[in-house]
Amino acid sequence: MIKIGNTALRHGLMLAPMAGVTDLAMRKICADRGAEYAVSEMVSAKALVYEQGARAGAPTKTAALCKIDGEIPTAIQIFGSDSEFMAEAARLLSSGEYRGFCGILPAAVDINMGCPVKKVVSCGEGSALMRTPEKIYDIVSAVCRASALPVTVKLRAGWDLNSLNAPECAAAAESAGAAAVCVHARTREQFYTPGIMPEIIRLVKERVRIPVFGNGDISCAADALKMKSETGCDGFAVGRAAMGNPWIFNEISAALDGTEYVPPSAEEIAATAVEQLRRSVAEKGERQGVAEVKVTLSHYVKGLHGATRARAEIMAQSSAAAIEEALLRVLLP
Ligand SMILES: Cc1cc2nc3c(=O)[nH]c(=O)nc-3n(C[C@H](O)[C@H](O)[C@H](O)COP(=O)(O)O)c2cc1C
């Protein structure tokens, strides 16, 4: 059992945050298939705070990103580098005073210290925070003071191979009051390849007492068990492998329980892909809903006969009906 504040998680199976992917539809699909915890797409602390002060009635762009449905405990992830903005964003989100508040409080406020994107790191945000570990203590303590909810931190192994400082950064976050950390065991310079460095997660685990989620390249139950034995991590964060295979959470859960995992039938896979498409469209409208769910849907057909053509069709289409048709042609031949 893992605890993040008052939230208890049996196995610590987290759907890792992925901008443009882990929206409401994706989180619901994964929650129904064994994910115990989720983190939203990243939200700019500055944008959230500025929108709060904008003209009453003006629509908030961050509201959709901050909407949660209460299916499973869900943290909202903020990014930024200015402790005052970060603290104010956390205060608004955790108190329900946020003007885009959907009526359900998040389980935690998560701080992004892992985003490698140039636009983000060039502002000193995301993984760039790991270049100034002394700033981590200030930001996390300011956010913890302002937040009525637990505060968690998502880290990478470090900035580059010459600065593998995740243990130091995790210790700074813990001493500032963080309730858990999640470590993607790659550096910023590595983006998403090559393979992960599990020893970094082990060093973090040895350094802190708060729960540690291991992250990176978990694409089946065996990977999760390997991660556990190599690092001693308390929980697991699964990102890309859940795209098109949300059952991975059930699979890991069964392996940890020592029970049999029964993979989904072709009918179940087809019904799930269609459900995700429909949920996305219901939430965002056809144009945006289709555009944002396409990449994830294309993962459902991976490896199947006719997948290449179906994938191309899915990516080219803007109509939900046409995408559904292309999906079903491959998933239920
Ligand atoms: C498309 C995409 C978007 C991502 N967006 C975020 C994000 O908003 N916040 C974050 O902390 N990590 C983000 N990540 C990183 C993932 O949370 C995770 O650390 C990484 O993908 C490694 O885990 P995996 O091998 O299970 O995918 C993103 C990754 C991908 C592929």
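A crossing is called left-handed if the near helix is turned anticlockwise from the far one by less than a right angle, and right-handed if clockwise.

1. Basis of the note. The model is predicted: local features need pLDDT of at least 70, side-chain atom pairs count only at pLDDT 80 or more, and totals for chains, interfaces and linings use all residues. Residues are numbered from 1 along each chain as its sequence is written.

2. Overall form. The chain comes to 14 helices and 10 strands; these are DSSP runs numbered from the N terminus (helices: H or I, at least four residues; strands: E, at least two). The radius of gyration of the chain is 19 Å, close to the 20 Å that the globule rule gives for 333 residues, so the chain is as compact as a globular protein of that length. That radius is taken over C-alpha atoms, and the rule is 2.2 Å times the number of residues to the power 0.38. Along the principal axes, the C-alpha atoms fill a box of roughly 55 × 50 × 35 Å.

3. Domains. Domain 1 covers 2–257 and domain 2 covers 266–331, with bounds that come from an automatic or database domain assignment. Their C-alpha centres lie 27 Å apart. In the contact between them, 11 residues of domain 1 meet 12 residues of domain 2, where contact requires C-beta atoms, placed from the backbone, to lie within 7 Å. The side of domain 1 that touches domain 2 has seven nonpolar, two polar and two charged residues. In this classification Ala, Val, Leu, Ile, Met, Phe, Trp, Tyr, Cys and Pro count as nonpolar, Asp, Glu, Lys and Arg as charged, and the others, Gly among them, as polar.

4. Helices H1 and H11. H1 (residues 24–31) packs against H11 (residues 266–284) at an angle of about 145°, the axes being 8 Å apart. Axes are lines fitted to C-alpha atoms, for helices over the stretch in contact, and angles run from 0 to 180 degrees between N-to-C directions. This crossing is right-handed. Among the residues that make the contact are Leu-24 and Ile-29 of H1 and Glu-275 and Arg-279 of H11. By class, the contact of H1 with H11 divides into four nonpolar, three polar and four charged residues.

5. Helices H2 and H4. The angle between H2 (residues 45–52) and H4 (residues 83–95) is about 65°, with axes 8 Å apart, and H2 passes H4 in a left-handed crossing. Ala-45, Lys-46, Leu-48, Val-49 and Gln-52 of H2 meet Phe-85, Met-86, Glu-88, Ala-89 and Leu-92 of H4. The contact of H2 with H4 has seven nonpolar, one polar and two charged residues.

6. Loop between E8 and H8. Pro-194 lies in the loop between strand E8 (180–187) and helix H8 (198–207), and the peptide bond from Thr-193 to Pro-194 is cis, with omega near -5°. Phe-191 is placed in the loop between E8 and H8 as well; its phi is near 50°, a positive value in a residue other than glycine.

7. Ligand shell. Which residues are the closest to the ligand? They are Ala-16, Met-42, His-184, Gly-239 and Arg-240, in a surrounding set of 22 residues; a residue is near a molecule if its C-beta atom, placed from the backbone, lies within 6 Å of it. The shell has 10 nonpolar, eight polar and four charged residues.

Conventions. Two residues are in contact if their C-beta atoms, placed from the backbone, lie within 7 Å.
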